[in-house]
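Work through the following exercises with the sequence and the structure open beside the text. Each task sentence is followed by a solution that goes step by step.

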Amino acid sequence: MSVFFVLILPLISIITLCLNNNRNVIRYLPILISTLSLGIIFQFVFKNQLISESTFDSLYVNFYSLLPIFDVNMSFKIDRISVLLLFLSQITIITAFFSTLKIASNGQSLDESYTRLKQINIWISFISIGICGLIISSNLFVFFLFYEVAAVPIFLMISTWGYNLKREVSGPFQKILKHFNVGTREYGSYKITIYLFVASILIFFGLAILGISAGSFEIMNISNLDSYKINSNLVFWLLLIGFGTHSALWPFHTWAPDGHGTAPTAGSIIFAGILMKIGVIGFIKILIPLMNEITLDYSNLIITLASINIVYGAFTALRQDDLKYVAAYASLSHIGYIFLALMTNNKTGIDGAIFQIISHGLIICLLFFTVGVIYRIKGTRLISELNSMLDSSPILSSFFIFSAFASIGFPLTSGFVSEFMIINGIYKSFEPTNLGILLICIPTLGILLTTVYMFRAVKDCFITLANKIQQIIDMDKDEIIICFVLCFFILFIGLFPSIIQDILNESYKGLVMK
Amino acid sequence: MEKFFLFLILIVPFTVILLHQINQRYVKDIDLKVYFVLPIMIYLLGLFLLLTNSSNLGSYELNYIDIHSINIPLTFLFNSSNILMSIVVLLVSLCVLVYSSKFISGENLYRHFRYSLFLTVFISSMVFFSLSNDLLSSFIFWEFLGLCSFFLIAFYNHDKKAIYSSIMAFWLTRLGDLFFLMGLIIIYFGSSSMGFDEINKFLSTTPNSFNNMAFIFILIGILTKCAQYPFTVWLPRAMKGPTPISALIHSATMVVAGILLLYKMSPSISFFPFVQDSILYIGLITSLLCAIYALYEDDLKAVLAYSTLSHIGFMMIPLGQNSQNLGFFHLYSHSFFKSLLFLIAGYLIIKYNENSIKKLKNKLTLFSPVGIIFTIGCLSLAGIFPLTGSFSKEHIIINFLNVEGYIPSVILIISIIFTCLYSSKLLFNVIKIEKNNFSNFFNSFNNELLYLVPITFLGILSLLGFFSQNFYLNFLNISFEEITIIQLLSIQLPIIFIFILNYFYEEKIKIITNDIIQISKYFIEIENIYRTLYRNIFVQFGKFIGWFDRNIIDGIINLPPYFIVNLSSYFQKVQNGFIRGYASKFIIIIIFVIIILGISYNI
């Protein structure tokens with residue numbers, strides 16, 4: 001039961017931050033609270049002996065009923081997959097809090113910047129509540145409720161703390177793009193908000209139709225129903241586009257690069273680390289278990305879109321000049337692997353998908369965090385303006401290069417395990433046919449392109465030594481700590497994948513479509 | 001014991017990191033050679049363990065991926081060939097480590113750390129690679145070799161060319177690695193095991209088209225790593241890195257890792273005729289083209305690089321003929337004399353600050369320690385009896401001529417001739433023959449000891465041909481066919497003849513071979529193809545897709561909001577604030593309503 005405190009704990013930091021003006025409290029309390037949540041999750045794992053073989057399946061709690069006719073309950077369920085997702089979300093949130101520590105020294109007067117720090121920490125805490133509630137929700141209503149809690153603060157985060165970028169436009173839509181001032185943080189924030197809002201309307205209608213036609217909003221009850229009642233094309237399309245937009249599935253992805261580019265570092269970390277996974281969580285929690293027949297019918301479509309995502313995202317990342325855009329398109333491309341793997345319909349592939357969710361979350365957090373530090377130190381994120389970082393800031397560069405290696409799926413990092421399992425799963429699901437060989441070429445091509453764009457950045461920004469190094473400017477201690485923690489988890493999953501596997505155990509069974 | 005040995009090798013990079021931390025925090029001015037002393041000691045201990053316990057070591061298994069359907073342990077097998085390869089790696093590495101401590105003494109602390117860290121990671125993963133007994137662990141350490149190679153080539157990072165070569169090497173080998181990964185997964189699906197024994201058994205029982213495809217994928221991985229023909233471009237460019245690195249990575253160990261992998265998979269090669277033929281002919285073509293091109297090159301290290309490629313081709317040839325022990329034997333003997341030549345090249349380049357053979361003319365006196373050893377190296381490179389290089393080459397030639405037809409044999413003979421020519425060119429251009437200069441013999445010993453010790457050691461290994469052949473045969477417990485004296489003479493006499501001929505008629509030979517060199521140039525200088533591919537696929541297409549995404553897709557996405565914004569600004573005009581405006585609109589609407597009502601009630 002204590003695990004449900006992950007929903008309550010951020011409230012403590014929100015209230016304290018509202019009432020308190022102590023600087024150290026503003027800076028460190030949220031980190032402390034999230035670490036406590038992380039501790040609670042670990043305690044849950046050890047208490048139920050998830051790592052050693054135990055029969056734990058899920059923990060279901062119904063707090064109270066809101067609308068008994070339709071089974072609208074405040075109910076939560078923690079299963080083995082959501083434990084891992086909770087862990088990822090807390091790590092992401094902690095990283096985001098760490099990235100805000102340095103906002104304080106940015107131009108404005110000290111009091112003003114502390115007020116802003118306070119606000120941003122409060123919004124991140126809200127997002128934390130939303131994400132955790134979404135992950136463990138067991139009711140369509142609760143799912144949507146927490147989804148909205150997570151989605152609203154994004155607008156405030158970008159429009160208040162974002163960056164303005166230069167972006168040149170050309171082509172047939174020049175006039176329109178110029179009209180909207182592309183590249184400014186207002187543009188980014190409005191775009192992301194409108195996008196996600198439209199997506200959330202679609203999801204809302206989808207969930208409402210699903211719940212009403214099934215006569216129940218409780219996910220467990222729906223899954224026990226006969227499938228013909230709920231397998232409607234309309235709901236599927238609504239949910240596919242809604243969740244797809246949220247996970248930046250092609251062609252509904254353009255909010256992601258703009259959002260990432262204009263967002264503050266904390267925002268980017270949260271987007272890429274966990275918010276982009278909301279769509280995937282929707283797939284895992286709702287679309288695949290509840291509507292598996294119709295999802296199976298459309299699996300070829302999803303495979304195609306995911307393949308386009310992988311290749312298209314990687315090709316777009318090739319010539320981006322802004323490191324954040326590179327990372328944004330990289331995460332776009334890596335989300336494609338998750339969808340591809342979810343559609344493989346066998347245990348290796350599905351486990352690979354969950355590995356990829358975790359591993360991509362950790363890697364992209366590290367990547368965005370280091371990019372944020374680069375911006376803080378150098379005042380620029382453009383590849384064309386950066387050089388000689390390996391000699392001038394060795395620790396920072398080591399972390400960036402580490403994350404580059406992890407994202408290309410280098411052995412002994414978590415990226416390798418997930419990619420290995422995904423490719424294995426794809427090949428297994430298509431049997432030894434020529435189509436199977438063709439389909440394993442797509443993720444492989446994605447990895448190759450990742451190698452090219454990541455190492456273009458590594459080469460230009462870090463290794464090339466353009467001028468003599470005057471002095472070494474490097475990361476601060478707290479930044480090193482969080483990067484080290486992220487690296488530790490990336491390596492840990494890469495070295496001991498069986499521990500994650502033990503936590504997952506047999507949970508792939510709910511995701512295999514019949 | 002196995003565990004202890006592996007642990008010993010594993011900790012070396014970590015000791016370097018630890019040393020650096022201690023160094024940075026607590027010790028201020030320390031002799032930077034300490035970064036090499038500790039690894040040398042540990043590797044020496046490892047080498048000692050291997051040599052003394054070679055017969056009673058078994059295997060070691062480490063659980064890695066253990067996920068219900070997939071269960072792949074990493075296995076390390078201490079059989080004779082694996083141990084022999086590790087011994088070779090450790091021997092050459094020790095020499096290179098000693099040499100490096102002097103070679104990079106001018107750099108600062110941080111760069112010392114970087115160099116020694118990546119070097120030790122490289123050596124350790126190469127030892128692990130040699131001992132690995134399954135495809136997955138081979139793949140893992142195979143990737144680590146690429147990583148270290150990338151960072152070590154780019155060590156001189158003020159040089160744009162070095163960085164360019166490093167990234168090129170990394171991308172190309174990574175391409176091969178991914179083919180390797182795909183092949184591995186396809187094979188794993190069938191055999192459901194990664195161990196070489198099971199894989200060889202599986203492949204030889206079911207040589208179907210998918211396994212053929214998988215084997216071709218793995219072969220592509222091997223060809224990129226070994227820089228065989230279509231992928232030759234990266235290795236000569238990799239010479240921009242520090243010379244000890246070239247000696248270790250780009251001649252003796254990493255680039256021949258593919259040969260080792262093929263050697264481990266050799267029992268199943270003969271079941272895949274296409275793969276077998278490709279190995280043979282690609283080896284043959286590479287050995288020919290690169291041997292010819294090496295004669296044209298002027299850069300000292302580039303000549304050695306092309307000669308490495310050509311020799312790797314020689315190693316591939318027997319592997320494609322089902323006589324894998326010969327290929328492995330050539331690998332073994334080649335690594336000593338080639339790393340020796342590289343180390344001497346580094347010595348010359350540092351001393352005279354010159355890369356070109358023409359400008360290094362007559363710089364090295366024959367009767368100096370380095371001069372003598374350089375002569376040994378060059379003679380060994382040409383394959384002159386009884387130096388180390390000669391034995392393996394003779395066996396390969398005889399074996400080849402016995403089996404293959406007319407045209408391949410001619411190709412092989414031509415490439416042998418060119419090998420002689422370029423090694424002779426190398427020797428007689430650099431060496432100056434003087435009499436009675438023994439008085440200076442020991443002069444250089446004082447300040448160049450750290451250069452001379454590894455060079456001398458490798459020189460002795462390249463000199464003792466009989467000894468090294470016997471060591472190889474005894475270690476693997478095999479025997480080759482005896483070479484008769486007639487066979488020996490019929491190979492050796494022409495080689496020696498050509499070798500000496502080149503000394504007297506160098507200019508004439510240049511004119512004669514000019515046409516052939518032009519042809520080989522046409523085939524070897526294919527870097528432009530790669531550049532064009534890169535520019536068109538990655539740069540242009542990437543730019544286009546980036547533009548497309550930023551402008552077209554984003555534009556389409558922005559159309560509806562633009563439309564709505566325009567519409568709202570149009571409707572805004574209706575609310576203009578004048579009473580007459582509102583009144584007139586009110587009247588118009590009333591009229592409209594009346595007309596509509598009238599139509600609908602059919603008045």
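Contact here means heavy atoms within 4.5 Å. The model is a predicted one, in which local features need pLDDT of at least 70 and side-chain atom pairs count only at pLDDT 80 or more, while totals for chains, interfaces and linings use all residues. Residues are numbered from 1 along each chain as its sequence is written, chains are lettered from A and ligands numbered from 1 in the order in which they are written, and side-chain values use heavy atoms, with hydrogens and water left out.

**Exercise 1.** Determine where G409(A) lies and which residues G409(A) touches, not counting residues up to four places away in sequence.

Step one: G409(A) sits in the loop between helix 18 (394–407) and helix 19 (414–429) of chain A, where helices (H or I, at least four residues) and strands (E, at least two) are DSSP runs, numbered from the N terminus. Step two: with residues up to four places away in sequence set aside, the contacts of G409(A) are G415(A), F416(A), E419(A) and R174(B). Step three: G409(A) counts as buried, its relative accessibility being 5%; buried means under 20% relative accessible area, exposed over 50% and partly exposed in between, for a 1.4 Å probe and protein chains only.

**Exercise 2.** Describe how helix 20 of chain A packs against helix 6 of chain B.

Step one: the axes of helix 20 (residues 434–463) of chain A and helix 6 (residues 160–191) of chain B are 10 Å apart, and the packing angle is about 160°; axes are lines fitted to C-alpha atoms, for helices over the stretch in contact, and angles run from 0 to 180 degrees between N-to-C directions. Step two: helix 20 of chain A is therefore roughly antiparallel to helix 6 of chain B, given that angles under 35 degrees count as roughly parallel, over 145 as roughly antiparallel, 65 to 115 as roughly perpendicular and the rest as oblique. Step three: among the residues that meet are T444(A) and R456(A) in helix 20 of chain A, and W171(B) and R174(B) in helix 6 of chain B. Step four: sorted by class, this contact of helix 20 of chain A with helix 6 of chain B has 16 nonpolar, 2 polar and 3 charged residues, where Ala, Val, Leu, Ile, Met, Phe, Trp, Tyr, Cys and Pro count as nonpolar, Asp, Glu, Lys and Arg as charged, and the others, Gly among them, as polar.

**Exercise 3.** Locate the buried and the exposed residues of helix 7 of chain B.

Step one: in helix 7 (residues 196–205) of chain B, the buried residues are F196(B), I199(B), N200(B), F202(B) and L203(B). Step two: because these cover an arc of only 165° around the axis, they lie on the same side of helix 7 of chain B, the arc being that of the directions from the helix axis to the C-beta atoms. Step three: D197(B), K201(B) and T205(B) are exposed, on the face of helix 7 of chain B turned away from its buried side.

**Exercise 4.** Examine the backbone at P251(A), P386(B), Q49(A) and A227(B).

Step one: most residues other than glycine have a negative phi, and most peptide bonds are trans. Step two: the bond joining W250(A) and P251(A) is cis, with omega about 0°, and the bond from F385(B) to P386(B) is also cis, with omega near -5°. Step three: phi is positive at Q49(A), near 50°, and at A227(B), about 55°. Step four: Q49(A) is partly exposed, at a relative accessible area of 47%, whereas A227(B) is buried, at 0%.
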